[in-house]
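Q: I have a structure to get through today. Can we walk through it together?

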Amino acid sequence: MSFTNRTVSSYRLNKKETLDQHKTVLSIISTSNSKISPSKRRTLKNTLRSRRYSKLSASPKKNGITSSSSSSNSLSPIRKEVAYNSYKVSSKDNSPIKSNQYDNSNEDSNTKKSNTTVIASTSTNTNYIKSPILKIKPLSKQDFEIGLKLGKGKFGNVYCVRHIQSGFICALKAMKKIDIIHYRLERQFIREVEIQASLNHPNIAKLYGYFYDEKRVYMLIEYMPYGELYKLLEKHGPFNDIMVSSFIYQIADALEYLHQRRIIHRDIKPENILIGPNNQVKLTDFGWSIINPYGTRRKTLCGTIDYLSPELITSKEYDQTVDIWALGVLMYELLVGSPPFEENTKEMTYKRIMKVDINFPATMSLDAQNLIKRILSTEPRNRLSLRDIKRHPWILRNKEFW
């Protein structure tokens with residue numbers, strides 16, 4: 001795959017083009033009637049997820065919990081014109097997910113009485129869905145042809161699938177119920193579904209819906225042919241100013257959208273950013289996201305060690321500015337190839353974060369250094385706003401080449 005400096009950034013897509021991405025699937029896919037009762041057990045505060053070494057973990061067996069959407073065997077880059085032919089359907093006897101008839105034995109009595117399911121429309125003024133209530137048969141795994149494995153994680157796998165009736169290509173994230181219960185992630189899973197399904201932004205991966213069977217829960221997510229930004233960074237990075245400025249602008253735009261809705265992502269990192277055609281990036285994995293009402297602050301420690309802000313490390317209350325800090329760390333890593341505070345131990349990394357001990361390579365432009373310094377401030381209120389980040393001279397200087 002060739003990555004050129006010139007790209008069509010997602011913010012230039014008009015509303016109709018964005019809605020066209022989801023037109024087919026919205027006509028036949030909705031959030032199913034399935035429910036998982038939230039656990040009343042308290043979620044461990046120090047549970048952090050990542051594939052990289054710098055992770056805190058609640059797992060008694062391993063030193064890191066890998067996200068279920070992580071890609072150890074990611075799909076190799078393909079050309080966009082053949083993306084919809086890439087699923088390579090498996091044989092019936094060798095399906096990567098064993099066939100089970102849709103199981104509705106766990107549905108509550110209220111759900112069984114109704115044949116209606118609620119769908120999260122991509123827009124309040126869309127012409128494709130006239131009503132948020134549709135009488136649709138609940139989905140099951142039998143509605144899809146299972147194809148290539150896009151990734152393998154601790155809690156399950158991600159597959160490229162094709163909806164048999166419509167031919168629509170999407171990603172199917174399959175997670176074992178027993179693992180979700182064992183690691184006490186029921187509430188986290190439900191929160192992820194509720195938040196991501198309500199979002200509609202060109203730089204946020206769309207969640208079309210979810211369903212379940214006897215052993216697993218499944219999430220239907222927008223398919224991105226080039227996989228994770230982290231994998232791309234490993235193979236082709238570090239990147240030049242033109243490409244990184246485009247990526248940072250798009251993620252800043254997505255975060256501004258989230259923060260306007262009082263949502264904090266809390267796990268910004270290359271592993272949670274997907275790449276599509278024309279270098280369009282989409283934020284994904286909302287497992288640690290939280291709705292933060294106006295005037296309130298959080299204290300739960302979560303995220304990736306290299307991306308933690310000073311207030312998270314010191315267990316102080318925090319707000320949406322932790323995402324802005326992480327955006328500054330992301331910018332540095334994309335330009336240099338490694339996080340700015342990376343060390344061999346967690347303690348050493350924390351010390352560098354608290355001191356904002358950054359070593360800028362001589363090859364980094366002064367404008368880029370200035371933007372990173374203005375984002376990575378120990379005082380949250382002094383961090384550059386997302387709107388000002390998008391208007392920074394480093395962004396504007398490179399914008400004409402996107």
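**Strands, cysteines and confidence**

A: Start with a hairpin: β3 and β4 form one, with 2 residues between them. Keep in mind that this is a predicted model.

Q: How many bridges do β3 and β4 pair over, and in which sense?

A: They pair over 7 bridges, in the antiparallel sense. Strand β3 covers residues 144-153, and strand β4 covers residues 156-163. To find the place on screen, look for Phe144, which stands opposite His163 in β4.

Q: And what about β4 and β5?

A: β4 and strand β5, residues 169-176, also pair in the antiparallel sense, over 7 bridges. Here Asn157 stands opposite Ala174 in β5.

Q: What is the order of the strands in the sheet?

A: The order is β3-β4-β5-β7-β6, an open sheet of 5 strands with antiparallel pairing. The edge strands are β3 and β6, the latter at 207-212, and each of them pairs on one side only. From one strand to the next, the twist averages 25 degrees.

Q: Where do the side chains point in a strand?

A: In a regular strand they alternate between the two faces of the sheet.

Q: Which strands does helix α5 lie across?

A: Helix α5, residues 186-197, lies across β5, β6 and β7. Its direction is at about 20 degrees to β7, which spans 216-221.

Q: New topic. How many disulfides are there in the whole structure?

A: A search finds 0. A disulfide is a covalent bond between the sulfur atoms of two cysteines.

Q: Is Cys160 buried or exposed?

A: Cys160 counts as buried, because its relative accessibility is 1% and the cut-off for buried is under 20%. Cys170 is buried too, with a relative accessible area of 0%.

Q: Last thing. What is the mean pLDDT of the protein?

A: The mean is 73, and 63% of the residues reach 70 or more. Over residues 1-15 the pLDDT is below 50, and this stretch has 43 contacts in the model beyond near neighbours in sequence. Residues 21-51 are also below 50, with 116 contacts counted in that way.

Notes
Residues are numbered from 1 along each chain as its sequence is written. This is a predicted model: local features need pLDDT of at least 70, side-chain atom pairs count only at pLDDT 80 or more; totals for chains, interfaces and linings use all residues. Side-chain values use heavy atoms; hydrogens and water are left out. pLDDT is the predictor's confidence in each residue, from 0 to 100. Contact means heavy atoms within 4.5 Å. A disulfide is a pair of cysteine sulfur atoms within 2.5 Å. Buried means under 20% relative accessible area, exposed over 50%, partly exposed in between (1.4 Å probe, protein chains only). Two strands pair if DSSP finds at least two bridges between them. Helices (H or I, at least four residues) and strands (E, at least two) are DSSP runs, numbered from the N terminus. Axes are lines fitted to C-alpha atoms, for helices over the stretch in contact, and angles run from 0 to 180 degrees between N-to-C directions.
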